[in-house]
Amino acid sequence: MNSKDQLRKHIRSLRRQLTPYQQQLASESLVNQLRVNDVYQQSESIALYLANDGEISVQPLAQYAWQQGKKLYLPVLNAETGVSLIFKRWLPDSEFEPNRFKIPEPVTDETIEARALDLVCLPLVAFDNQGGRLGMGGGFYDRTFSFTLAESCATPILWGMAHECQEVEAVPKEDWDIPLSSIITDQRWYEVKN
Ligand SMILES: Nc1nc2c(c(=O)[nH]1)N(C=O)[C@@H](CNc1ccc(C(=O)N[C@@H](CCC(=O)O)C(=O)O)cc1)CN2
Ligand SMILES: Nc1ncnc2c1ncn2[C@@H]1O[C@H](COP(=O)(O)OP(=O)(O)OP(=O)(O)O)[C@@H](O)[C@H]1O
């Protein structure tokens with residue numbers, strides 16, 4: 001196993017060991033931090049994810065965002081490319097179908113261009129305080145948002161969401177890594193200096 005795979009295995013195991021109560025507190029902490037954040041409040045179209053494999057849940061955040069009338073979207077594996085994501089509308093009464101990783105995806109024709117999103121909350125496996133992100137290893141988010149590396153666009157803003165136990169000293173950096181502007185954990189808000 002290479003060092004990235006070893007790191008993934010270790011951190012995935014740590015986050016899966018969090019108790020349901022720790023998970024609940026963490027997800028509530030996340031929404032409480034976003035509530036008072038201007039970037040969040042100004043965002044109309046927001047991509048979230050359905051927590052899997054011990055990831056920090058954005059379910060309480062989704063409830064709050066729907067109450068506010070925000071438009072929420074979830075990642076769906078792009079059947080055409082096989083290696084990138086498209087985003088589909090997520091509503092409280094959405095129907096779902098599991099993808100090949102058994103993660104539920106909304107069944108709807110309502111999609112949004114990745115470029116049209118204001119804010120993307122990304123799941124991650126490990127992060128460092130320089131904004132380094134290690135994902136599940138598919139390169140799905142990296143490919144989908146590679147345009148943010150090539151162009152200097154104001155939106156979408158990319159935020160990583162994690163448990164504090166997912167912080168590591170340094171994530172191995174790759175040329176294709178997309179720049180996160182913040183990483184938000186149950187304990188802290190990491191602003192990334194670029
Ligand atoms: N909640 C969530 N949704 C997401 C992602 C994510 O990281 N988290 N993704 C971010 O890219 C995409 C899916 N990427 C994934 C990549 C690998 C595995 C995974 O569990 N791999 C297994 C082996 C799976 C198999 O081949 O059957 C493993 O490594 O153990 C899951 C999701 C889109 N949706
Ligand atoms: N912009 C890109 N263009 C082409 N290939 C890419 C790009 N980004 C990532 N890849 C490929 O995807 C594979 C997985 O990358 P990596 O291990 O960095 O994924 P990850 O960040 O863990 O996953 P994810 O983005 O899905 O959370 C690598 O083999 C890499 O070559």
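**Strands, loop and pocket**

Strand β2 (residues 71–77) is paired with β3 in the antiparallel sense over six bridges, where strands are DSSP runs of E with at least two residues, helices are runs of H or I with at least four residues, both being numbered from the N terminus, and two strands pair if DSSP finds at least two bridges between them. This is a predicted model, in which local features need pLDDT of at least 70 and side-chain atom pairs count only at pLDDT 80 or more, while totals for chains, interfaces and linings use all residues. Residues are numbered from 1 along each chain as its sequence is written, chains are lettered from A and ligands numbered from 1 in the order in which they are written, and side-chain values use heavy atoms, with hydrogens and water left out.

Within the pairing of β2 and β3, leucine 74 stands opposite lysine 88 of β3. Strand β3 (residues 85–90) has five of its six residues buried, so the rest of the structure largely encloses it; buried here means under 20% relative accessible area, exposed over 50%, and partly exposed in between, with a 1.4 Å probe and protein chains only.

β3 also pairs with β6, again in the antiparallel sense, over two bridges, and phenylalanine 87 is found opposite isoleucine 112 of β6. Threonine 111 belongs to this strand β6 (residues 111–112) and is partly exposed, with a relative accessible area of 44%. Residues up to four places away in sequence aside, threonine 111 touches Ile86, Phe87 and Lys88, a contact being heavy atoms within 4.5 Å.

Which residues does the UniProt annotation "binding site" cover? According to that unreviewed entry, they are Leu50 and Glu55, with positions given in the numbering used here, feature names shortened, and annotations that may be inferred rather than shown by experiment. Both Leu50 and Glu55 are in the lining of the largest pocket, a pocket being an open set of points on a 1 Å grid over the protein atoms alone, with protein on both sides within 12 Å along at least five of seven lines, and lining residues having an atom within 4 Å of a point.

Leucine 50 lies in the loop between β1 (45–47) and α4 (59–67) and counts as buried at 16% relative accessibility. Beyond its neighbours within four places in sequence, its contacts include Glu55, Leu74 and Trp90.

Note on methods:
On a 1 Å grid over the protein atoms alone, a cavity is a set of points where a 1.4 Å probe fits but cannot get out, and a pocket is an open set with protein on both sides within 12 Å along at least five of seven lines; lining residues have an atom within 4 Å of a point.
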